[in-house]
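User: I have a new structure open and have not looked at it before. Can you walk me through it?
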Amino acid sequence: AVLVEELDHLLVAAERAHAGRGVSLLELEVQANVSKDLVLSRFLARRGRHLDRSRREWLRHHLFHARTYCDDDPEVRSRYDAASRLALRFLQSLERLPRARRVEILRRFHRASLAGKTEMSEGR
């Protein structure tokens, strides 16, 4: 999960710099949380199968609810909490879509600014 998160941060920051766009720390965390869930879901699903409900709940518990913080700064903790909430809401809304639309929506989410990611997480 840490490897996926750090690679995601690097790739998003590089892409935004290349495009001449900035990126906030919250946006980096939201995007990385979505990427971690997707990558680890595929890893846990094994051999192309879909992740069953109990494994998905276990994964999301550990990714989004059972976090421990290395930083005592309340602002940093608040950012991580907000990123987890937004990412989880987006992932839940993604699951309600037909499979054929998910890649398109993921691409749109990736390209979106923080405001766009927030809107997509709220189902707009």
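Analyst: We can start with the overall fold and then go to single residues. Keep in mind that this is a predicted model.

User: OK. How many helices and strands are in the chain?

Analyst: The chain has six helices and zero strands. Read from the N terminus on, the order of elements is α-α-α-α-α-α. With a radius of gyration of 14 Å, close to the 14 Å that the globule rule gives for 124 residues, the chain is as compact as a globular protein of that length.

User: What box do the C-alpha atoms fill?

Analyst: Taken along the principal axes, the box is roughly 35 × 35 × 25 Å.

User: And the surface? How much of it belongs to carbon and sulfur atoms?

Analyst: Carbon and sulfur atoms hold 56% of an accessible surface of about 8100 Å². As for the inside, 37% of the 124 residues are buried.

User: What share of the contacts comes from residues 24 or more positions apart?

Analyst: Among contacts with a separation of 6 or more, such residues account for 57%.

User: Let's pick a helix. What is the span of α2?

Analyst: Helix α2 covers residues 25-45, which is 21 residues. From its first C-alpha to its last it reaches 30 Å, close to the 30 Å expected at 1.5 Å a residue.

User: Is α2 mostly covered or mostly open?

Analyst: Mostly covered: 16 of the 21 residues in α2 are buried.

User: What comes just after α2?

Analyst: Arginine 46 does, and this residue takes a positive phi of about 65°.

User: Switching to charges. How many salt bridges does the whole structure have?

Analyst: A search finds 10. One of them joins the side chains of glutamate 27 and arginine 16, at 2.8 Å from N to O. That pair links distant parts of the chain, with glutamate 27 in helix α2 and arginine 16 in helix α1, 11 residues apart.

User: Are those two buried or exposed?

Analyst: Glutamate 27 counts as buried because its relative accessibility is 3%. Arginine 16 is buried as well, with a relative accessible area of 2%; the cut-off for buried is under 20%.

User: Which residue does aspartate 37 form a salt bridge with?

Analyst: Aspartate 37 pairs with arginine 60, and their closest N and O atoms are 2.9 Å apart. This bridge also links distant parts of the chain: arginine 60 is in helix α3 (residues 53-65) and aspartate 37 is in helix α2, 23 residues apart. Arginine 60 is buried, at 9% relative accessible area, and aspartate 37 is buried at 1%.

User: Which other salt bridge does arginine 60 take part in?

Analyst: The side chain of arginine 60 also meets that of glutamate 95 in a salt bridge, at 2.8 Å from N to O. Glutamate 95 is in helix α4 (residues 74-95) and arginine 60 in helix α3, 35 residues apart. Glutamate 95 has a relative accessibility of 34%, so it counts as partly exposed.

User: Now α1. Where is glutamate 5, and is it buried or exposed?

Analyst: Glutamate 5 is in helix α1. With a relative accessible area of 13%, glutamate 5 is buried.

User: What is glutamate 5 in contact with, leaving aside its neighbours within four places in sequence?

Analyst: Its contacts are Glu29, Ala32 and Lys36. The C-alpha atoms of glutamate 5 and glutamine 31 are 8.8 Å apart, although the two are 26 residues apart in sequence.

User: Last one: which residues make the nonpolar surface patch?

Analyst: Leu3, Leu7, Leu10 and Leu11 make a patch of about 440 Å². Leucine 11 is found in helix α1, residues 2-18. Its relative accessibility is 59%, so leucine 11 counts as exposed. As a general point, an α-helix has 3.6 residues a turn, so residues three or four places apart point the same way.

Definitions and conventions:
Residues numbered from 1 in each chain as written. Predicted model: local features only at pLDDT ≥ 70, side-chain atom pairs only at ≥ 80, totals over all residues. Heavy atoms only, no water. Helix = DSSP H or I, 4+ residues; strand = E, 2+ residues; numbered from the N terminus. Expected span 1.5 Å × (residues − 1). Buried < 20%, exposed > 50% of the residue type's maximum accessible area, 1.4 Å probe, protein only. Patch = residues over 30% accessible without salt bridge, like charges linked within 9 Å, V, L, I, M, F, W, Y side chains within 5 Å. Areas by Shrake-Rupley, 256 points an atom, 1.4 Å probe, with all protein chains shown as cover. Salt bridge = Lys/Arg side-chain N within 4 Å of Asp/Glu carboxyl O. Rg over C-alpha atoms; globule rule 2.2 N^0.38 Å. Contact = heavy atoms within 4.5 Å.
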